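I opened this entry to keep track of what I looked up, in the order I looked it up. The sequence and model go in first.

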Amino acid sequence: MKTYELLTVFKPNLDAEEVDKAIESLGKTIADMKGKVESTDKTGRKKLAYDVQNFRDGFFVTSVLSLPEENVAEFRRKLKLNDNILRTMFLGV
């Protein structure tokens with residue numbers, strides 16, 4: 001399994017409880033794909049450099065995770081389909 005870093009920007013109209021549920025859902029998706037979340041850091045709400053989907057700010061969460069290489073494409077596809085996520089940045093560490 002390789003280690004990856006995932007920066008996720010959630011929509012700002014979610015409250016803290018909904019963001020926690022979304023993070024938990026991501027963790028469950030990773031576990032279903034035989035991966036493991038090493039750490040999660042909630043940076044909080046920050047202003048975006050430009051409007052994304054008509055939002056001026058977002059809730060930033062950084063996660064370090066391990067995932068089998070054959071499941072990376074499917075995981076990235078599921079990130080794009082999530083309605084609560086504005087943007088992601090998925091990097092191999």
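In which sense do strand β2 and strand β3 pair, and over how many bridges? I note first that the model is predicted. I found that β2, residues 36-52, and β3, residues 55-67, are antiparallel partners joined over eleven bridges. I looked up two positions in this pairing: K42 has V61 as its bridge partner in β3, and R45 has F59.

I read the strand order as β2-β3-β1-β4, an open sheet of four strands with antiparallel pairing. β2 and β4 (85-92) are at the edges with a single partner strand each, so one side of each has no neighbour in the sheet. From one strand to the next the twist averages 20°.

Then the helices. I have α1 lying across β1, β2 and β3, at about 130° to β2. Helix α2, residues 72-81, lies across β1, β3 and β4 and runs at about 160° to β4.

Which residue of opposite charge has the side chain nearest to K11? I placed K11 in the loop between β1 (2-10) and α1 (16-32). The nearest side chain of opposite charge is that of D83, 6.0 Å away. A salt bridge needs a nitrogen-to-oxygen distance within 4 Å, and K11, though buried, has none. I did find the backbone oxygen of D83 at 3.0 Å from a polar atom of the K11 side chain. Leaving out residues up to four places away in sequence, K11 touches Q53, F55, D83, N84 and L86.

How many salt bridges does a search of the whole structure find? The search gave five, and I followed up some of them.

- K28 and D32 meet at 3.4 Å, N to O. Being four residues apart in α1, K28 and D32 are also about one helical turn apart. Both K28 and D32 are exposed.
- In α2, E74 and R77 meet at 2.9 Å, N to O, and are three residues apart, about one turn of the helix. E74 counts as partly exposed because its relative accessibility is 31%. R77, at 43%, is partly exposed.

Notes: Residues are numbered from 1 along each chain as its sequence is written. This is a predicted model: local features need pLDDT of at least 70, side-chain atom pairs count only at pLDDT 80 or more; totals for chains, interfaces and linings use all residues. Side-chain values use heavy atoms; hydrogens and water are left out. Two strands pair if DSSP finds at least two bridges between them. Buried means under 20% relative accessible area, exposed over 50%, partly exposed in between (1.4 Å probe, protein chains only). Lys and Arg count as positive and Asp and Glu as negative; His and the chain ends are not counted. A polar contact is a pair of N or O atoms within 3.5 Å; within protein, one must be able to donate a hydrogen and the other to accept it, and residues adjacent in sequence count only if both atoms are side-chain atoms. Contact means heavy atoms within 4.5 Å. Axes are lines fitted to C-alpha atoms, for helices over the stretch in contact, and angles run from 0 to 180 degrees between N-to-C directions.
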